[in-house]
Amino acid sequence: MIIKLDDVTKIYQGKAPALNHLSLEVDEGEFVFIVGDSGSGKSTLIRLLLKELDPTEGEIYVNQRQLSRIRRKQIPKYRRNVGCVFQDFRLLKDRNVYDNVAFAQKVIGASNHTIRHKVPVILSMVGLAEKYRSFPDELSGGEQQRVAIARALINNPRILLADEPTGNLDAGNAWEIMKLLDEINKRGTTVLVVTHNMEIVHAMQKRVVQLKKGVLMSDSGTDYAAGV
């Protein structure tokens, strides 16, 4: 398995548990939807996997590493194997598409030669080869999310986390982004998608993990996604 949560609880000070004794395993190469109402713990789960937060109790393992043993200075290196895409894109507004994607390579010290080779390849994969000089405010919402996905993938992470990736998109663009995530998964990347869009969940028939108030309510795969 590539992700394992072992009896994980996360409590924010003075509040009910955001996650309550959650145990979950994800195998390498899986595509998993994480669903649930607001306040169910979905975003907390993403933040724990990114090691933005530490659990109050329990242990988390990612890529066979126990996250509690990763020191603060090791976190950036850990995150190279965990790409993340957010609802609000989080692009650098003063940089064009090429430089937004290249930035993720520069952070890890990649050579200019490597960057010049890899950025066009990843932009072609997400369908933006001809938009490399455009700035974020010149792109549609769907195109901006494709840039964000390219940036998340440029360092070849084994895991891609997508936190409400279609939340700011119309139906057409939402479907295009989900098709792209499905294609990325078919290339071997493990994909976890947090979403409220149950139409997409039902249609794609992937594994579905449902949370409610921090508790695992169901994990019944395609049967749940198909509404059986």
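Tutor: Contact here means heavy atoms within 4.5 Å. The model is predicted: local features need pLDDT of at least 70, side-chain atom pairs count only at pLDDT 80 or more, and totals for chains, interfaces and linings use all residues. Residues are numbered from 1 along each chain as its sequence is written, and side-chain values use heavy atoms, without hydrogens and water.

Student: How do you know what span to expect for helix 5?

Tutor: The expected span is 1.5 Å times one less than the number of residues. Helix 5 has 13 residues and reaches 18 Å from its first C-alpha to its last, close to the 18 Å expected.

Student: Why are helix 3 and helix 5 called roughly parallel?

Tutor: Helix 3 (residues 97-107) and helix 5 (residues 141-153) pack at an angle of about 30°. Roughly parallel means under 35 degrees (over 145 is roughly antiparallel, 65 to 115 roughly perpendicular, the rest oblique). The pair is therefore roughly parallel. Their axes lie 8 Å apart. Axes are lines fitted to C-alpha atoms, for helices over the stretch in contact, and angles run from 0 to 180 degrees between N-to-C directions.

Student: Which residues make the contact of helix 3 with helix 5?

Tutor: Helix 3 gives Val97, Asn100, Val101 and Ala104, while helix 5 gives Val147, Ala150 and Arg151. They divide into 5 nonpolar, 1 polar and 1 charged. Nonpolar covers Ala, Val, Leu, Ile, Met, Phe, Trp, Tyr, Cys and Pro; Asp, Glu, Lys and Arg are charged; the others, Gly among them, are polar.

Student: What makes helix 5 and helix 6 roughly parallel?

Tutor: The angle is about 20°, with the axes 10 Å apart. That makes helix 5 roughly parallel to helix 6. Helix 5 contributes Gly142, Gln145, Arg146, Ile149 and Leu153 to the contact; helix 6 contributes Asn173, Glu176, Ile177, Leu180, Leu181 and Ile184. These residues divide into 6 nonpolar, 3 polar and 2 charged.

Student: What else do the buried residues of helix 6 pack against?

Tutor: Besides helix 5, the partners are strand 3 (31-35), helix 4, strand 7 (159-163), strand 8 (190-194) and helix 7 (198-204). The buried set includes Met178, Leu181 and Asp182. Helix 6 (residues 171-186) reaches 23 Å with 16 residues, close to the 22 Å expected. Gly188 follows helix 6, with a positive phi near 115°.

Student: Which residues of helix 4 are buried?

Tutor: Ile115, Lys118, Val119, Ile122 and Leu123. They pack against helix 3 and helix 5. Helix 4 (residues 112-125) has 14 residues and reaches 20 Å, close to the 20 Å expected. Gly127 follows, with a positive phi near 80°.

Student: Why does Val193 count as buried?

Tutor: Its relative accessibility is 1%, so Val193 counts as buried. Val193 is found in strand 8. Not counting residues up to four places away in sequence, Val193 touches Phe31, Val32, Phe33, Ile34, Ala162, Pro165, Met178 and Leu181.

Key:
Helices (H or I, at least four residues) and strands (E, at least two) are DSSP runs, numbered from the N terminus. Buried means under 20% relative accessible area, exposed over 50%, partly exposed in between (1.4 Å probe, protein chains only).
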